[in-house]
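Let's take a guided look at this one, piece by piece. Have the sequence and the 3D view side by side as you read.

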Amino acid sequence: MTISIAAPKKMIELSVDGQPVRVFEGSTILDACRMLGVETPTLCYGDTLTPVNVCRVCVVEVEGARTLVPSCSREAEEGMVVHTDSERVRLSRRLVLELLGSSVDLSTAPEALAYIEEYGANPSRFGPEAARVEHEIKIDNDLYVRDYNKCILCYKCVSACGEDHQNTFAIAVAGRGFDSHISTELDVELPESACVYCGNCIAVCPTGALMSKAEYDKRVAGTWDPENENVVTTVCPYCGVGCNLELHVQDNEIVNVTSPHDHDVTEGNLCIKGRFGYEFVQNRPKH
Amino acid sequence: MAIDAVLGPADATSSRTARDDRTHRHMLLPALRAAQQRVGWVSEGALGYASRRLRVPPADAYGVATFYALLSLEERPADVTHVCTDLSCALKGATVGPGEHASPCLGLCERAPAKYRTIAGPEPHEEQIPAESPPLHQREGLRLLKRIGAGVDPESLDAYVAAGGFASLARARELGAEAVLQQIVESRLLGRGGAAFPTGVKWEAVARQPAQPHYLVCNADESEPGTFKDRVLMEQDPFALVESMTIAALATGSTQGYIYVRAEYPLAHKRLQNAIDRTTELRDGFEIELRIGAGAYVCGEETALFQSIEGFRGEPRNKPPFPVEVGLFGKPTAVNNVETLFNVLDVVAEGGEEFASVGTEASTGTRLFCVSGCVERPGLYELPFGATLRSLLELAGSAAPKAVLLGGAAGAFVGPELLDLPLTYEDTRAAGVTLGSGVVIVYDEQSDLVAALLRIAEFFRDESCGQCVPCRVGTVRQEEALHRLAAGRPHPDELATLAEVAQVMRDASICGLGQTAANAVASAITNLGVFAA
């Protein structure tokens, strides 16, 4: 538990969908929505990341504002009147999902698929000839696979690799417009880049564009079985930092390792050893 | 090496600290531009060297380099010609020859069709084609344009002073910052870049900010298709921009100024740099740095412009916070368009109230109009606010137009029934259109409006920064729908879908680019009945 020595924050009051809510100054509209239990879709928002407000699926209507505003980054203000379920908001959310669904493979993006269902979005409305993001699947190392056909450009991996967490800066957005894509320097393969294989990008990817090689191989082989997955909590054995680990186990085999986002030490991050160094556990001597 | 010429010699002792990382990244675009000017492209070696010198992560530097259309990361000939295929040049039959590159509007619309040529080498050469700027067709009633074509040498400080230059700055120093702010507020001057924000409100907000330093940025990234007014002002009267920026700096308490000019204006670069170099003493400690873009319309969006100066990709920031609080390098910043700043000279010279006596109650002063397309005398015109579109078109010599595009690609088409529209902020707003950056492109009976819509859609698809979904994908879907409509093979609900995409781009995009990317197309469909069944 971190003890804050900052001056106590002022409370402000606003209204969301007609309900009054009090939040600390500096909170976002999304914080206020969640405090009230008002469901708000998010894709590029990450609870451990600085909001970049690029996906626009969390937009809400604020009375007096010319355009809709991103609830994930817009600070709540005293007296603000927010609507999250107006016709205008629903249209924007639905269409943003349709634009994404028509250009990107969302087949391994459970949240996006659920929102598409919820908002009645129909990504095929733009026709079969609608341009799609097209990239070769990048399998250039033993630890993870990058399939940018599934990338919605939420910037989460860039933030996690860069200044929000890892400070490695191995990847950035390159290109412009519809051709924008996540890239290493000069688009070199991962082993040639600054990547340190912490896998913190995989941990934040909401669409499965970044995936552990173990999961990818199982999906290809048809043995991926998330329904029968157990999560075992433990502490990383490698050093004294004390990172909590969640071992995702399918058929008595570790398939992924994550760390809880609310863990003070990691905030969901791990290093290459914690994330991928689990083979010894299941490497049983054969008699 | 070309990069060292921009960054200074490599010094092992000074570039090792984290503090330097933060202070030097802003030199990334100038460094990449220097490499490209020297050899014609940004090689792997040049990119790596710039990253190391400036301590920018190589992936970041690559992301920045690939953002700008004029930077090439592939080897190409030293001599490159960019052919404008945008609205005004298309009306004048622009064609892209073998080996030439198609380009969005080059801001040479009054001499369409136009080209921009760059020749890399030890002494890089850049030229606008045609090179000659046609004379103004108007001599009466000029305020902002009064020195242009009046025999004042734009490269001579003495000539500028002899023509009354720097009298406004002297007057501003007599008045002091507070009184200058007062005059600007009383003038009710509205920004001329497109958004029409009150200049006085902006300046006061910056002046009152406790955070230091304050920055003054002149937005000269004029890239709205059909706009060339700021280029003419910078090329023909560069000292006036320096003078007005110095007044703005005084009023807003800024010690550092930047002029961000698009790359395609080499003559403006040369004359502005000359004007900056010759006025060091007159500016009395206020520094001005010329920054040059690299082919990105979106960098004319004020927060994208900051990102670009700071050495990041030109991706607009979400607002709020607004630049007056958190602007360039996170500090309070006043951003003003070139034409807006030119108005400041008259406001200070004659007083805000006197300035406001020209024009209408809500739109004070005069306005520059960039007239091009199907007219006999394309060029820059200056009229007091309130003049009608008809009177402007008569000056430029237009036979009965079929349609007029007001405000550029982000503006709106109007039909002949709106010829008596008074050109003011309030009247255009009431008519659901915009003056924008003063673009007036005239289409006659023979013009192909569908081709114009396709070019506009292509423009926004190309120029979207790609950051937010509504604009990144919406501009692509808009273009696809227009191609189907143009081919006569639309989807069953095509126009309804297009209208939804338009509304969501307007409602949910981060910046003005996405928010206006559907305007012209939507206006052609509703105002002109293009694609009506």
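This is a predicted model: local features need pLDDT of at least 70, side-chain atom pairs count only at pLDDT 80 or more; totals for chains, interfaces and linings use all residues.

As for labels, residues are numbered from 1 along each chain as its sequence is written, while chains are lettered from A and ligands numbered from 1 in the order in which they are written.

**Domains of chain B**

- Eight residues from domain 3 of chain B and seven residues from domain 5 of chain B make up the contact between them (two residues are in contact if their C-beta atoms, placed from the backbone, lie within 7 Å).
- On the domain 3 side of that contact in chain B, you'll find four nonpolar, two polar and two charged residues.
- Those classes work like this: Ala, Val, Leu, Ile, Met, Phe, Trp, Tyr, Cys and Pro count as nonpolar, Asp, Glu, Lys and Arg as charged, and the others, Gly among them, as polar.

**Where chains A and B touch**

- Chain A puts 38 residues into this contact, and chain B puts in 35 residues.
- On the chain B side, helix 5 (58–65), helix 20 (449–463), helix 21 (469–486) and helix 22 (494–508) each supply at least two residues.
- Which helix of chain B gives the most to the side that touches chain A? That's helix 21 of chain B, with eight residues.
- Sorted by class, the side of chain B that touches chain A has 14 nonpolar, 11 polar and 10 charged residues.

**Chain A overall**

- Chain A has eight helices and 12 strands (helices, H or I with at least four residues, and strands, E with at least two, are DSSP runs numbered from the N terminus).
- A compact globule of 287 residues would have a radius of gyration near 19 Å, and chain A agrees with that at 21 Å (the radius is taken over C-alpha atoms, and the globule rule is 2.2 Å times the number of residues to the power 0.38).
- Along the principal axes, the C-alpha atoms of chain A fill a box of roughly 70 × 55 × 40 Å.
- Of the 287 residues in chain A, 45% count as buried (20 or more other C-beta atoms within 10 Å of the residue's own; exposed is 12 or fewer, and partly exposed is in between, with C-beta atoms placed from the backbone).
- Chain A splits into domain 1 (7–132) and domain 2 (144–282), with 25 Å between their centres, taken over C-alpha atoms.
- In chain A, 19 residues of domain 1 are in contact with 19 residues of domain 2, and the domain 1 side has 12 nonpolar, four polar and three charged residues.

**Close-ups in chain A**

- A:Val23 belongs to strand 2 (residues 19–24) of chain A, and A:Val23 counts as buried because it has 22 C-beta neighbours inside 10 Å.
- Leaving out residues up to four places away in sequence, A:Val23 touches A:Ile12, A:Asp31, A:Ala32, A:Met35 and A:Ala76.
- In helix 6 (residues 213–221) of chain A, A:Ala214, A:Glu215 and A:Tyr216 are buried, and their cover includes strand 6 (144–146), strand 9 (210–212) and strand 12 (253–258) of chain A.
- After helix 6 of chain A comes A:Gly222, with a positive phi near 80°.

Note on methods
Domain bounds come from an automatic or database domain assignment.
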